[in-house]
Amino acid sequence: MATSTAHPQAHARFSRLSWKTLAVVLPFLLLFWVDIAHHTMFFDEVNAWAISAASPTLSKLFYYVHFEGHPWLWYFILWFPSRLTHDPVGMKWVEAALGTANILILGLLSPFTYKQRALILGSYFLVWEYTVMCRMYSVMLLLVLLYVVLRLRKPDCVVGCCALLGLAGNTDMTGVLLSGALLVEYAYSSYFDVAREQRRAVIRRWVPGVLAYVALVGLSIATLWPAKQISWQSSGHLGSHALDRHRIQASIGNMVAAPWWPISPKFPHHFWETSVVEARWLYLLVPVVLFAYWWTFRRDRNLLLLMGCTLAFGILFADFVYEGRVRHWGISFVSFVVGLWLQSVQNEGKGERRVRWSRWTYLLLGMSAVAGAFAVYGSWAHPFSRAREAAFWLKQNEPNAALVGAGDVSFGSVAEEMQRPVYFLECRCVDTFKLFSKDREVFPESQLPLRFNLAMQDLHTNQLVFVFYRPLADDDTKRLTSAGLQAVPLTSFPGADSALESFYIYRISRKT
């Protein structure tokens, strides 16, 4: 009799919990779907899609990837839907599926209270950089969350957990850093959480797991290994500034502080990205964040190790290889959330009460949630990019024009949105995307008249439609006049939040 009455009570309790959980998750899902529909993708996003679309075979795709400085997985995922359409909007559908999965896992499977889940789901990286922005970081986050779920449900499934971490390392170089930190913590916990006499068995169980991880990370490094002709214009020669004091300070400040307040100091005029170089007050946040990490995980050595490895790996990479942007520094945020998840479940497994978050934990996640609100507002107040609008105008008004542009990382956005070959002034070549090759590096903008004349020669025309990221200045006009050229403004698409994603369109012709 007791059993028959207990079952409906348990079912009712489960139903209440489900409705409460859905009440927390659904608003963030709706916000995400609206935001991604509104989001206009910029160069870094659409270039990956254009590469996938322009690759007739996977072997050609892997050839192009060697010029990107990223591993293969994101491009591989995009290659399949790009067989169906070359329109970059197809990438939004991929990102919508990935972002939805990340929100559902955190919202439905995490052990946090409803308030805590809402705080995490409202954080900057969950409402902007790792969901709305169509890049490989959503894949990295999804694989890490799947690793946490698998590890806590099947802690002895070492090969499966290591494989998920290895795949996370195939999304981006920061995925290698994050997965490495997670692997160190996982190995530490597996070894030291058992009695001494059981540690030999732990090591034997870990051997195939480590081999799987090393093989996958080896694949990642093999595919991101730079091509001989790769251009280093965006990152500089590797290690060339590693011992520079300012570079070291910036690497530390950005990795520690910037993830928790990633909003531009120019807000509300611009919202995207920050750095201690332009927002020096972030240095004051460094000791606060480090103390918050220590206070949150002071009773869990494995989680302090996780945060320490994440910061150390990230700082060393930023100093020796690439300083990066906010999206790269977000691995600190991911590690912190994973640490909170592991801490909560580990303590419950030991029969202890649920860990209560300290005010320091709430401070960090509260700052991130406020930054998330700023990012959502900023993305609506200032279009992230005007590339798609410029491309639509060109298709409607100049469908047969000889279309040229500069620089590649600006004009490429328009070219990729148009889904047609265009003439890149930097390389004197016709293409559908930007290839980071040495023969396609930037030229001094004082050479624009020379480049226009060469383009007219190559394209056998006396008239061009020119797309530029800024309006032509008086000095530009004087140089054009001296070269026998004239520029007539056609239209403009200003106001993009991303610096190179506003567009000004001119007709360039030879004077008769």
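Is F80 buried, exposed or partly exposed? At 41% relative accessibility, F80 counts as partly exposed, where buried means under 20% relative accessible area, exposed means over 50%, and partly exposed is in between (1.4 Å probe, protein chains only).

## Ground rules

This is a predicted model, in which local features need pLDDT of at least 70 and side-chain atom pairs count only at pLDDT 80 or more, while totals for chains, interfaces and linings use all residues. Residues are numbered from 1 along each chain as its sequence is written, and side-chain values use heavy atoms, leaving out hydrogens and water.

## Aromatic pairs

Back to F80, which has a ring partner in W79. Rings of Phe, Tyr and Trp (its six-membered ring) pair if their centres lie within 6.5 Å; planes under 30 degrees apart are stacked, over 60 edge-to-face, and the rest tilted. By this rule there are 41 aromatic pairs. In one of them, the ring centres of W79 and F80 are 5.2 Å apart and the planes stand at 90°, so this is an edge-to-face pair. W79 is buried, with 12% relative accessible area, whereas F80 is partly exposed.

Y191 and F192 make another edge-to-face pair, because their planes are at 85°, with 5.0 Å between the ring centres. Here Y191 is partly exposed at 29% relative accessibility, and F192 is partly exposed too, at 43%. There's also an aromatic cluster to pick out on the structure: Y124, F125, Y130, Y137, W260, Y293, F297, F333 and F336 belong to it.

## Arginines over rings

Two arginines sit over aromatic faces, namely R298 and R440. The test is that NZ of Lys or CZ of Arg is within 6 Å of the ring centre and within 35 degrees of the ring normal. R298 has its charged end over the ring of W295, 3.8 Å from the centre. For R440, the ring below is that of F424, and the distance to the ring centre is 5.0 Å.

W19, L22, L104, L108 and L109 make up a nonpolar surface patch of about 480 Å². Patches take residues with over 30% relative accessible area and no salt bridge; like charges are joined within 9 Å, and nonpolar side chains (Val, Leu, Ile, Met, Phe, Trp, Tyr) within 5 Å. The areas come from the Shrake-Rupley method with a 1.4 Å probe, and for residues only the protein chains shown count as cover.

Helices α1 (2-38) and α5 (89-109) each give two or more residues to the patch, and α5 has the largest share, with 3 residues. Helices (H or I, at least four residues) and strands (E, at least two) are DSSP runs, numbered from the N terminus. W19 is located in α1 and counts as exposed, at 63% relative accessibility.

## Cysteines

How many disulfides does the structure hold? There is 1, taking a disulfide as a pair of cysteine sulfur atoms within 2.5 Å. C427 and C429 are the partners, with 1.8 Å between their sulfur atoms. The torsion about their S-S bond is about -60°, so this disulfide is left-handed. C427 is buried, with a relative accessible area of 17%.

C161 is in no disulfide: the nearest cysteine sulfur belongs to C157, 5.6 Å away. C161 is buried at 0% relative accessibility, and C134 is likewise buried at 0%.

## Salt bridges

The whole structure has 19 salt bridges, each a side-chain nitrogen of Lys or Arg within 4 Å of a carboxyl oxygen of Asp or Glu. E445 and R470 form one of them, at 2.7 Å from N to O. E445 is in the loop between β3 (429-431) and α20 (448-459), and R470 is in the loop between β4 (463-468) and α21 (474-482), so the bridge ties together parts 25 residues apart in sequence. E445 is partly exposed at 27% relative accessibility, while R470 is buried at 19%.

R470 also bridges to D476, at 2.8 Å from N to O, and D476 is buried with 5% relative accessible area. D476 pairs with R479 as well, the closest N and O atoms being 3.1 Å apart. Both R479 and D476 lie in α21, 3 residues or about one turn apart, and R479 is partly exposed at 32%.
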